[in-house]
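Please work through each task before reading its solution.

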Amino acid sequence: MGSEAFDGVRVVELAQWVFVPVAGALLADWGADVIRVERPEGDPYRGLATQRIGTDGGGVNLSVALANRGKRSVTLDLRREEGRLLLDQLLATADVFLTNLRPGALDRLGLGAEELARRFPRLVYARGHGYGVRGPHADRAGYDSSAFWAQGGMAHVLTPPEREYPISQRGAMGDRNGAMALAFGVAGALLKRERTGEGSVVDVSLLATAMWTLSSDVLSALAGGEPRGVSGRGGSVNPLVGSYRTKDGRHIQLVFLQGDRYWREFCALIGRAELADDPRFVDLRARGENREACVAELEAEFARRTFEEWKGLLEGIDAPWAPVQAVEELLTDPQVLANDYLGEVELEDGGSYAMPTVPVQFDERPPALRRAPEHGEHTESVLLELGYGWPEIAELKDTGAIA
């Protein structure tokens, strides 16, 4: 018996690009047997050139590797009757069906939620989509830049008001956040099935993921407020929450939400004990009423020391703060390294490459990372598991049902 959380769980994944495949990768990380079904032409994501981590990277396609690590790949042509029959046979062995095909496509293939629930009542049917399964846009194509970033309010909230155009999101931000939610939903549905014996339909949309991410702003809108972007400088009310620029042009983020708890000690730490008793700054209310003056004092202090000097000085106070780091600095951050937030994928030829591990750890350890499969790498071995012989497999290849 295996020791991982999802050992013994089989997932059949009919999906492409990032959102839903990443959910499959997370389940594979923790032991699920994820069989990725690709069309003969392959997932179009395999051809994407982006940030020198896709086809433009000159080596391993790291984008595809991150989204598909630990899976097996089967190539089926679902436009052919034989291909659909093979998928049905796979689904008969599955615990979870994971898909991001649009509702119309799923219905045309006979893979709608109601149909599969009727045929496989214990199956967990998990689908990720752009805009939800009801409403006028249920069948609209949705990527995270559209459904999550644009329509979900992220771009509006995070774009500084002085900019003429919205800022662009980083690669697949909404996809990977939505994937975590979808994997959580699958885990919950599997737990429910253990208790009831029945499968469930699990839905996660990129639009809903954005709204959940922006819950504070949504609550403000519900209360009649007008959510707006906030400058990092000195916070909007509390001068002790915000970013301050150091002598060498870097930034330190203070998050002294309980300002009165830290103010006196902080003033002593930076050699400005007199500020603690200044009537303008003596407590949270006073600092809020005199925010600009307080921010000006702090900006002047931060400008007197370098980034490294500030990091060393602030180690002397037990308060929430952090350096504003570049992504490259994460690669050598002692906290990242100590907690194994970067993992290594070992290849059969002795090579290796690094990638982020899943944020979830069981028993204080990350999962062992495995490489992503080549397109259709496991087609024959999976068919052999289903009881097919080599002559039958050759015939399926001749008909084009498999590649």
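**Exercise 1. Determine which residues Asp-175 touches, and whether Asp-175 is buried or exposed.**

Solution. Leaving aside residues up to four places away in sequence, Asp-175 touches Val-18, Phe-19, Asp-144 and Leu-206, where contact means heavy atoms within 4.5 Å. The model is predicted, so local features need pLDDT of at least 70 and side-chain atom pairs count only at pLDDT 80 or more, while totals for chains, interfaces and linings use all residues. Residues are numbered from 1 along each chain as its sequence is written, and side-chain values use heavy atoms, with hydrogens and water left out.

Next, locate the residue: Asp-175 lies in helix H8. Helices (H or I, at least four residues) and strands (E, at least two) are DSSP runs, numbered from the N terminus. Finally, Asp-175 counts as buried because its relative accessibility is 8%; buried means under 20% relative accessible area, exposed over 50%, and partly exposed in between (1.4 Å probe, protein chains only).

**Exercise 2. Describe how the axes of H1 and H8 cross, and which residues meet there.**

Solution. Begin with the geometry: the axes of H1 and helix H8 (residues 173-196) come within 8 Å and cross at roughly 50°. Axes are lines fitted to C-alpha atoms, for helices over the stretch in contact, and angles run from 0 to 180 degrees between N-to-C directions. H1 is therefore oblique to H8; angles under 35 degrees count as roughly parallel, over 145 as roughly antiparallel, 65 to 115 as roughly perpendicular and the rest as oblique.

Then list the residues. From H1, Phe-19, Val-20, Val-22, Ala-23, Leu-26 and Leu-27 take part, and their partners in H8 include Asp-175, Leu-182 and Val-186. The residues of this contact of H1 with H8 comprise 11 nonpolar, one polar and two charged (Ala, Val, Leu, Ile, Met, Phe, Trp, Tyr, Cys and Pro are nonpolar, Asp, Glu, Lys and Arg charged, and the others, Gly among them, polar).

**Exercise 3. State how many residues the largest nonpolar core has, and which have the most contacts inside it.**

Solution. A nonpolar core is a set of buried Ala, Val, Leu, Ile, Met, Phe, Trp, Tyr and Cys residues joined through side-chain atoms within 4.5 Å. The largest has 43 residues, and Val-11, Leu-98 and Leu-182 have the most contacts inside it. Its largest share, seven residues, comes from helix H1 (residues 19-29). A second, separate core of 27 residues includes Leu-14, Leu-76, Leu-106 and Val-382. Among the residues that Val-11 touches are Leu-27, Val-96 and Leu-98.
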